[in-house]
Amino acid sequence: MAVPPIQRSLRSAAPGNSWLLDTLLGLLVVCALPLAITTIPNTLSVVARLLPADIDQVGLMRTHGLALPALMLTVPLAAVALRRVPAAHLMLAGLALVALSDAAGGYAATELLVGVARVLRGVGCGLLVPATLVAVWPRTPVLRGLWAGTFSLSLLTAQALALWPLDAVSSWKVTLQPYPLVTGVALALAAAYLLAWIMFGRPEAPVFEVGERGRLLLCVVLAAGVAVVAISTASAGWRAPPVVLLAATAVFGLLALASIGAVESRRAAYVLVAVGVVLLPSAAQVTLVEMGGLGGPGLRGLWIPYVVAGVLAIGAAVAVGMFAVGAGRWLAPLGLLSMVVGLCSVRLVVPSAEGMVLVVPFTLLAVGAAVAVTATLWEVGIGAAAFGLSLCAAGVLAGFLLGTGVQMALLDGVRSAQELVDNFVGALHWWALIGGFLLVAIIVLAAVLARRPEGDEDVLLVPTPQDGPGSGSEAVDCAGDRRTWGDAFAAADDPGRDGGERLDEGAPEGVRSVAAGHAFAEPEDEPEGEPDERSDKGSAEGPVPAVPPQAKSPEDDRAP
């Protein structure tokens, strides 16, 4: 079908204006991604003294926490929708929902309206996270590294960013609309990006792999189960042991679901589960322990460590994306080990009255997460990346649930303010220990279950001497797929079959195979000579079989 002239002109203009698209998309990622992750923390307890006396305060706090379940259920569903809906449209829709939740938050006066506002915000942010990933996927390595670094930094600073607008506020409704100006800027950037995306040729969107839709829907089911467990434990007054047990079961379920898929897909899923379960819950507890009321420097004393960690995390992610593509096998465990060291440093330096010392744990956590995420995401397809991101979102709630269980166990029965503070710090230290062991276990699990089988490195397309085209002998590629030689020749003759002209289409970069047309082509420098002379020539593997002379046709005996 012919392309209309206006579309041809727009597509031809796309390469020259890609810098504008990249610039708008980079600004949108930096602005919208932290805004989305900041929705996760439940900060209503900080302004509990400002709540009206006629409102059920405990019920309102539980309702305020619905944003995270809404977000983690939306992420896999949005990933499924992105198979059909352009990312530019979904980003604009997500930010529109966030803006709507900001507006509704100013009028929320009941538990129901608070729940509606928070669910709207969670759904909008759940659309933003996978949509920004899909948008940067086909762009430059700098943009992809910027996304991974900003994502890791957002998980690190989410608790601090959620608490920052609550300093000296006079209304509890600020928790429902913490950054309305940032929302407006992000919405304007999304509209500008959509306009530029339409004007400059609508760049090709990444194609999801076959079968990823089923895994994403399985992730929805698991996320729903985790949400039900979290809401029920918060509403029924459960004790610490069953909460810890259910949280551990949720983490185990996430790792079991992450074990489905190819080698690279499993590695990426394990890494994102680890980052989701550990990073934000750990950083949130460290931030709360370092508040001024508990003897820490407060948020003003933490911003320099956060900025240093953020700059280094984004720089490390961009560097990995540009210079270390395909090194996820060793960079991913190295990044997770950096997070383990960061958790160890938390046990050593937290609490601290000096904020600068927190540069060490914050940097190790943020840089480690950014390196691990970048190294594994860009060696898989977009479907596997969206699947891992969905597991990461569910892992955040599982991590909060596990951390809450540890706090419940240590804070039960406290009788004085000092004992409360000491046990709160002790809960952080125990959580750092649990998180460190969990990261080590995931590193070992990835090393065992995400290891390539022996002999799976190269593509084997070597027929036996007696086999020929169409004989049924099999060729095995690096993914373990089997094709007959008849299929191979049919694929070589038909470029539309098997997705393209190459037999190794879809194989990892660096893997080379020999196409059937080239495997059996005659050499260019054929030695001259009589046929019987060429038939006597040998090779290192044995004599070359002679070509039999053409048989006499029966028609030759017929009289003219």
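Ser338 is buried, with a relative accessible area of 16%, where buried means under 20% relative accessible area, exposed over 50% and partly exposed in between, for a 1.4 Å probe and protein chains only. This is a predicted model, in which local features need pLDDT of at least 70 and side-chain atom pairs count only at pLDDT 80 or more, while totals for chains, interfaces and linings use all residues. Residues are numbered from 1 along each chain as its sequence is written, and side-chain values use heavy atoms, with hydrogens and water left out.

Ser338 lies in helix α13 (residues 328–349); helices here are DSSP runs of H or I with at least four residues, numbered from the N terminus.

Helix α9 (residues 212–235) has 24 residues and should span 34 Å at 1.5 Å a residue, and its end C-alpha atoms are 35 Å apart, which agrees; the expected span is 1.5 Å times one less than the number of residues.

The axes of α11 and helix α16 (residues 417–449) come within 10 Å and cross at roughly 170°, where axes are lines fitted to C-alpha atoms over the stretch in contact and angles run from 0 to 180 degrees between N-to-C directions. The two helices α11 and α16 are therefore roughly antiparallel to each other, a term for angles over 145 degrees. The contact includes Tyr270 and Val278 of α11 and Trp431 and Leu438 of α16.

Five aromatic pairs are found in a search of the whole structure, a pair being rings of Phe, Tyr or Trp (its six-membered ring) with centres within 6.5 Å. One of them joins Trp147 and Phe151, which are stacked, at 5.1 Å centre to centre and 10° between the planes; stacked means planes under 30 degrees apart. Because Trp147 and Phe151 are four residues apart in helix α7 (residues 141–163), about one helical turn separates them, and both Trp147 and Phe151 are buried. Ring pairs also link Trp164, Trp303, Tyr306 and Phe362 into a cluster.

How values were computed:
Parallel < 35°, antiparallel > 145°, perpendicular 65-115°, else oblique. Contact = heavy atoms within 4.5 Å. Phe/Tyr/Trp six-rings, centres within 6.5 Å; stacked < 30°, edge-to-face > 60°.
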